[in-house]
Each structure stands twice: as C-alpha cells, then as structure tokens.
Amino acid sequence: MTRPRVLIAGGSIGGLTAGLLLRDLGCEVEIFERATTTLEDRGAGIVVLPITERYFREHHPSTRRVSLELTYWTYVDQAGRVISADPDHYRFGSWSSMYRALLEAFGRERYHFDSEVVGFDDTGDLVTAHIADGSSATGDLLVFADGFSSTGRSLLMPEVAPQYAGYVAWRGTTPESALSGLARTDVADAMIYQVLDPGHILIYAIPGPNSETEPPERAINFVWYRNYPTGGPYEDLMEDRHGDQHTGTLPPGAIRDEHVEEMRATARLSLAPSLLEVVTGCDQPLIQAVFDVHSPRMAFGRVCLLGDAATTLRPHIAAGQAKACADGWALCDALAASEGDVARALAIWEPTQLALARGAFDRTRAMGTASQFGSAMVPGDPNWKFGLWEPGN
C-alpha cells in the first residue's frame, strides 16, 4: 500500500478525527487551522453519538471518556409535568472536552495554528495548499474540513452558499450546583424537551469545566430554537453591542442587552420551571443561526470536502459532529481498500457519503420546518430522535 501525504484544512473535531485515522493508517498528515490558538466552544454542549467517540473506543480505549450518559428523553409541559419519558440512553459532552482529547492524541507537531488554507493547485499528480501567510504545503490529498463557511467549498462550488433557515438557537450553560433542588432532580438523569408554539427548547447535562461527570459538578446546557425572519428582526438580532453585523454566531458577551432581556422575559412567560432556571441562570448566552448547506459533490480530483464543509445539517438530529467523523472513517476505509490510490479511494468514498448526507439533510430540514413553522412537533414522537443514519441510529 502506498501511503499518501494528506493535508487537512480545518482542525476541529472532524478534521482531527480524520487526521488521527489517516495517520494511524500510515499516512503523513498535516493539519492547518485558521485559529491562532486552541479552539474554544464558548460553552456549547453536544450530543455524542457512537461514531463521534468511536476513535477513543477502538484506538485509545484507555483515554478517559469525555461524555456522560443520561437515561431518559423526557418531554414536559409548561407546568413541568412529564408528558413522556423514553429510556434512550444518549450520551452528552462538551465540545471543548472532545476537541482537547483529540488534539492531545494527535499532538501539536503537525497541527498548525494560524494557518488558514486560502487556495490550492491540483496538478493531477499532487495538490498544493496555499496558506494565508504566503507559505504552502504539497501532498497527495487535500481535505477541507473547515466548517459551514468552508473556503474549499466556496472555491470549488461558489454557487453552493449557506441559506438561512429562518430561526436561531439561543445556547448557554448554567452550573448544576446553582439550580434549585427540584431542578437538580429533574436534570439528574434526563434530557428534557418542551414543545413551544412556535419552536422548542431542550436542556441536558454535560461535563463540567474540568470534565466532571457527576452531579452536582456538571454544567446544564440549553438550546432554545426561536424564529427571527430576515428583513429586520434577524439582522437586528445579529448586530452586536459594538454595531458589527454577524452572520452565523454571536459569541457570549456580544449580544445586545435588549435582546437578552427580551429572551429572558419570554422565558418567564413560557418555560417550565426547571428549564426557566437553566435559561435565566446563564450569564452570557450565545446565538447560533441555523443554516442549510448541501453540496452535490464532495470529491474533486485530489481535493475533497468533509463534514459541514460539504453538507451542514440542522441540529435536530444532533449529527453534525457525527457526520464529519463518519466521513473521516469512510475516507480511511476507502484509502485502505484502494491501497492508497487517492483517485480510486475518492471514487469509492464519495457516493456513499453523498447519500448519507442527503438523507440526513432532508430529515433535519423537515424536522425544523415542522417544529418552527408548522406547529407539528409532537411530544414523544418516535421519529424525533437523534441519529445520523436514521432516528435512534
């Protein structure tokens, strides 16, 4: 087997997972990350589907798990009464814990901060990545894992641009120890959903700031989906306290006070008691706008798109990180099956990953439309479950 030299643009969870797998396969791997220092999650929790932490289970089983399990998927009404509770046993984590563990496994020698890939040349035999500082690197395969605002996608398919879905996610965390006894009991072993009209909110425990996984040292994460149409409300929301306009994310501390106060006032009128505690207990929430991106292709000569760079899923199946990791695992398998032949590997890899992305994309878009604009989200719906391949899987 020939062992190609692989260049990866983007060093988040997807890029790191792909890098680790390809390095373990025997490839020489370099990761180029645009951020100047270690990436921060700004307090956001994630649902950890099995493939997201598969690398640790199979390659580093001694690594301390960076997620926790909650038994129940629970729906409550506005009074906090339980409508349904399914023993689904999903796992939850913090983005930063997962990222730090992957970065520690990969190491920093070939992980380059402040190194944004801004262009490339594919000669057919080799591909050269051009870095923003004027330097370059040449390899056999260039993988763009640079997120929903991907430079690689904009270069390869400028017509495929993110489309705002009409709503955003207010997000944040509150220390579990700051909650009342009733709220601690509610969140002890359950993720809690409340269906609103329109929209919905969910809360769940994630590891604490030092990866604590036992009550009451955990953090409680909330995600509240709220509609903001374009033509005024969305643009006003995404203008920060300094007058700068943001597109995808407003980080903690940037949201104008009037919007935070409006959000908290609405919470007091509509949320169940325990969910209200979590939302109002968060000092500095953040906002992530929801976008649709679906690329009709993922492979282009010696260049490919991975994860959100190719297709950005709405978050309702909690599979954004999982899809990026699945793309990385499939790429590793394809390179092994093709004995390191990049062209053959991408020909094997692309159709399957496109089909996976298409199915997940359609499902998440339908879920978002039903919950945010159709008042059609039903508590306890067995089809409203997390999972990349299908509900629950």
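In the predicted model, three strands form an open sheet in the order β7-β8-β9 with antiparallel pairing, where strands are DSSP runs (E, at least two residues) numbered from the N terminus and two strands pair if DSSP finds at least two bridges between them. β7 is joined to the antiparallel strand β8 (residues 127-131) by five bridges, and Asp 122 has Val 127 in β8 as its bridge partner.

Residues are numbered from 1 along each chain as its sequence is written. Local features need pLDDT of at least 70 and side-chain atom pairs pLDDT 80 or more, whereas totals for chains, interfaces and linings use all residues; side-chain values use heavy atoms, without hydrogens and water.

Helix α10 (residues 342-373; helices are DSSP runs of H or I, at least four residues) has end C-alpha atoms 44 Å apart, in agreement with the 46 Å that its 32 residues should span at 1.5 Å a residue, the expected span being 1.5 Å times one less than the number of residues. Just after α10, Ser 375 adopts a positive phi of about 50°.

Asp 292 lies in strand β16 (residues 286-294) and is buried, with a relative accessible area of 11% (buried, under 20%, with a 1.4 Å probe and protein chains only). Beyond neighbours within four places in sequence, the contacts of Asp 292 include Thr 312, Arg 314, Phe 361 and Arg 365 (contact, heavy atoms within 4.5 Å).

Definitions and conventions
Buried means under 20% relative accessible area, exposed over 50%, partly exposed in between (1.4 Å probe, protein chains only).
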